[in-house]
Amino acid sequence: MNLISKTSPSVGASQARPDALNKVMGHEKFAADYYGPRHLWAGVRRAGIPHGRLISVSTEAAKQVPGVKKILTHKDVNGSNRQGVIQKDQPVLVDDRIRHCGDALALVIAETSQALETALALISFEYEALPGIFTTAEAFQYGAPLIHPTHPGGNCLLSGQLVSGKGLEAFEACDAIVELTIDLPRQEHAYLETECGEAVYEKGELSIVVSTQTPFRDRAETAQAIGISPEKLRIIAPYCGGGFGGKDGITVQSLLGLAAMACPDVPIKMMWSREESFLAGPKRHAASLHYRLGAKQNGVFHALEVRADFDTGPYDHLGGAVLGLALEHAGGPYRIPHAAIQGKAVYTNNTIGGAFRGFGVPQVAAAMEQAVDLMAEKLSLSPLDIRMKNAVQKGDKIPSGTTLKTSTGIRECLARLKAHPLYREADAWKKKAPAHMLRGSGMACALHGMGYGPFVPDTAIAKLELTKQGRFKIYFGVVDMGQGNGVTFLQMAGDLLNQNYENLELVLPDTGLTLPCGSASASRSTYTFGNALIQAVETMKTRLTQRAADSLMVGDGDEFCFIPGHLRHLPTGREFPLAQLAALLGPEERITISRYRALASKETVTQDTALQMHGIPHTVFSYTAHLAHVEIDTLTGGITVCNYTAVTDCGRLINPDLYQQQMQGGIAQGLGYALYEDFITDKGRLLTANLSTYIIPGALDIPPMALSSVDLQENTGPFGMKGVGEICIDPVLPAVANAVADACGGGRCRQWPLTCERMLEILTIPVCPPGADMNRSLI
Amino acid sequence: MPAVILPQTLDELLDLKAQGHTILAGGTDLFVHMRNKKIQPQTLVCLDQLKDKGLREVADTGDEICIGAAVTHSRLIQNPLVQQHFPVLIQALDTLGSPQIRNMGTLGGNIMTASPAGDSLPPLYVLDAQVELAGKNGSRRMSLSRFITGPGATGLNPEEILYRIWIPKQPSYDLHHFEKVGHRKSLSIAILSMAALIGLTGDRKIRAVRLAWGSLGKTIATSPETEKRLMGTPMDDPAGFILAAARIREEVSPISDVRAGADYRRQVAGNLVLRLCQGPLEPLKQGPGAV
Ligand SMILES: Cc1cc2nc3c(=O)[nH]c(=O)nc-3n(C[C@H](O)[C@H](O)[C@H](O)COP(=O)(O)OP(=O)(O)OC[C@H]3O[C@@H](n4cnc5c(N)ncnc54)[C@H](O)[C@@H]3O)c2cc1C
């Protein structure tokens, strides 16, 4: 029994998620917790070499291991053996070419995890080594090997450019120009629950319980890859133990499906070790960014040049879409009339670049927001004033050319930040730096578009059922991976239906029970499904009150009002149990279904259909302004983030606690990106192969955070909300960068993250004009 | 999965050890090594049910404090004797791992792992700790700095266990200091660490000093020359500290690994000495620029 069951859900209240208690007690079953009474283990032999032509795989020795049931190679795959969201360029089991160390060569099914491990170690393979590509620059060198010889773009997965106004020519009319080059690392998602699932194939039907963000897309993708018809494949997605984009796409699904079909009638389990997750899972794209920003003497931005290269690793995954979002957001939430923004997503033999919270925006914001500070310094404006001067309003275009048609609250965010004590008292705080310490304060802004853009339909289908017992079931198909969208759906439906939590129930994503809702990604989950749900609830309300009116032979539906468990007839005051009403209705009548498709922009920002398909332009954006206070230890280079504040426009808050949690988590993850997480590789091999050397921040590294929302109404959003899942991480790195530069007289880091070693190096270089060497002012 | 044996008495434990079995104390190093297949023991001898107090007690023996090898870090941190006599050890253990690791991990385990990054080791070096090794034929004592011979290597004979750690009380030191440089504030392996004990004259000049660095060499690094340069230096006078810092930087040849490069370690080994100075080090604000 849940503690909150007697309370009534209301939109705008901080209410505990229904899964919270279950998770704390260990009752909630994640995909990792599914164990059949008698199950087999499946595991994969990975290549361990970055690039080569596969000649043969030898499984004979491994087959002799007692307990080994089956060993499969590409020869055993009856489907296309290719997966991928946009380009299907990734083999399930390698058939011709190994393109990174994490590629899967053979799939072993065994009775015990020990037998599995022994067998995997005995699999060997013959290959012809090919030279590898480990930087985006190498990919274009003369004679560079082609990673996908048939790809029309060569080693370039996708390139694009957005030019507005006079483009580069406009720099001639600028009074001040600043320039900045930075290199950003890959970032590992490091979710608690590594990629895992359990599958069973019985009577010609395949069912997979999996830790995923995308059950419906998984079904289609897996079905064609392994050769089963989609209606024979069911994907069940329990609460997911962390996703952040890393489970936006196939991980274990196809492998588990192959294993289950090879060994029918027994549940088969696969769970990647942390090392395997590091090696084979997607990462945030490493990126190289070159920025040039020009302004007039009065601080008004005039021209922007961006070059952004993304290392997408060996497969598309979502690399093209990441590039698209990065290009669209490259100029931040500012008016800049002239811009030339270009970028590439480049194939390499590194780990796979894919979706990660922020989806390209953290990379471009890292450069843009530092360029803004360089300009402020050059023109002797305060970082806040120069942002306010250039910040967009509704109706403006951002530099990529997208018109902002919906709520646009960056100016409100900045105004609120200006009034915050951390901003006002920053100078006093800095002066109190203890011995050997330098203190600085820095800010950064961001905007983040929601949803898939104009081309891929951004839809969700909500299903609502009045049960025979008179309770309401909400069937949702968009995964709750910990962000808490589940409770927001209860709040919306419960508020509209005026039902207590005990009268409401969630049915988690399951292609067999719920309806397609798209991915839990792109800051869209609550927005898109929420809109669909509201329609389903309204239809249900009308239907129930009308049926009640009919059966009581009273005037009309509007004579009734919903109260917990009952309908009250207002003129007479009589109350009818919902269960009684449910008994009058057939099964179809007790269900309402509603589809919502998010607004697709009609604006022509680019003629490039590839870019349109990859998501340009968006229509609804969230905004945020962040401020960080840092302290640098000059003896060690250690950086402590002492205080943090952020003001965000993500529409109205459905649940203020969840808003806080998203912001805190995103900021913590952003601090990891800025200061700790160095994904070090050598020729495609991981040198930081697990969490003992890949350092994510711990609780003691996270500063106190003051997080507020400007609470503007977004008219297209359910109850006025917009997404907050990604905007929280976008400006963290540059806020830290700007604070560090403020502390140490302009020193800036080129290769991120800013570890203590790099920081000490920056402190030891005699500091010349703002931003030593590469990152300098030009005019 | 290895079998686990739970001896009740010291004699049983020593018998089992003599048979070549592996000791399991807190398991916080052992299980990591087993997972990595660095070792694959058939049998583990767990210390949890041992009735022998020597392994689990902290005792005051007059001039020395004697610590059982199986005492956990958390219990040491809470122990009044350790708090009173060896603040430098407490400071170091406070930075070791996380609460969970400190609750499970033992001082004996940290010593036996003999990692250059072992956080208890620099304090134990400057405190002149001795180890007592017990075997079926009795026990022997030797200094910790002689006992540890390299990364993961000690002078323990196969049939012996590390039984107790003996530390002389330190009346002559006024200042205990430990600093660890890590990539984050908890659960962090030292990139570098330094323990310091300083004794002062009435006018706050250094009359006695001991320094030891972790993660700087193959074992804990010490430097009598660096200590010598600090002798007589007033605590608020940077000059002597800067000289001493330069000396340690000259002396060491640290490793480079994924955690940090050798140059960083060398530079910071000196910088940590500068931290001891209680006077202004203004020129250092923009980086010491040494090396
Ligand atoms: C997440 C994590 C974080 C950590 N952080 C730190 C850190 O910040 N600083 C640090 O220094 N260490 C750290 N460690 C390492 C470890 O926790 C410590 O070294 C700890 O003190 C080991 O003690 P234990 O009792 O767990 O040893 P065990 O793992 O039980 O044993 C270690 C080795 O010593 C042997 N052994 C143990 N006791 C005896 C004995 N009495 N006689 C003979 N042999 C013996 C064992 O056979 C084994 O070979 C960390 C470990 C983990 C997993």
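Me: Is A:E465 buried or exposed?
Reply: Buried means under 20% relative accessible area and exposed means over 50%, with partly exposed in between (1.4 Å probe, protein chains only). The relative accessible area of A:E465 is 14%. Because that value is under 20%, A:E465 counts as buried.

Me: What kind of model is this?
Reply: Residues are numbered from 1 along each chain as its sequence is written, while chains are lettered from A and ligands numbered from 1 in the order in which they are written. Side-chain values use heavy atoms, with hydrogens and water left out; local features need pLDDT of at least 70, side-chain atom pairs count only at pLDDT 80 or more, totals for chains, interfaces and linings use all residues, and the model is predicted.

Me: Which residue forms a salt bridge with A:E465?
Reply: A salt bridge is a side-chain nitrogen of Lys or Arg within 4 Å of a carboxyl oxygen of Asp or Glu. For A:E465 the closest N and O atoms of such a pair are 3.5 Å apart, and the partner is A:R590.

Me: How many residues apart in sequence are the parts that A:R590 and A:E465 tie together?
Reply: Helices (H or I, at least four residues) and strands (E, at least two) are DSSP runs, numbered from the N terminus. A:R590 is buried, with a relative accessible area of 7%. A:R590 lies in the loop between α15 (578-584) and β25 (591-597) of chain A and A:E465 in strand β19, so the distance in sequence is 125 residues.

Me: How many salt bridges are there over all chains?
Reply: Side chains of opposite charge can pair when their charged atoms come close. A:R82, A:D95 and A:D96 are linked in a network of such bridges. Over all chains the count of salt bridges is 49.

Me: How far apart are the closest N and O atoms of A:R217 and A:D248?
Reply: A:D248 is buried at 4% relative accessible area, whereas A:R217 is partly exposed at 26%. The two residues form a salt bridge, and their closest N and O atoms are apart by 2.5 Å.

Me: What radius of gyration does chain B have?
Reply: The radius of gyration is taken over C-alpha atoms, and the globule rule is 2.2 Å times the number of residues to the power 0.38. Of the 291 residues of chain B, 56% count as buried. A compact globule with 291 residues would have a radius of gyration near 19 Å, which agrees with the value for chain B, 20 Å.

Me: Where is the place of A:V456?
Reply: A:V456 counts as partly exposed, at 38% relative accessibility. The place of A:V456 is in chain A, in the loop between β18 (437-449) and β19 (459-466).

Me: What separates the C-alpha atoms of A:Y694 and A:F679?
Reply: A:Y694 is found in the loop between β29 (685-686) and β30 (705-709) of chain A, and is buried at 0% relative accessibility. A:F679 is 15 residues apart from A:Y694 along the chain, and the C-alpha atoms of the two are separated by 6.5 Å.
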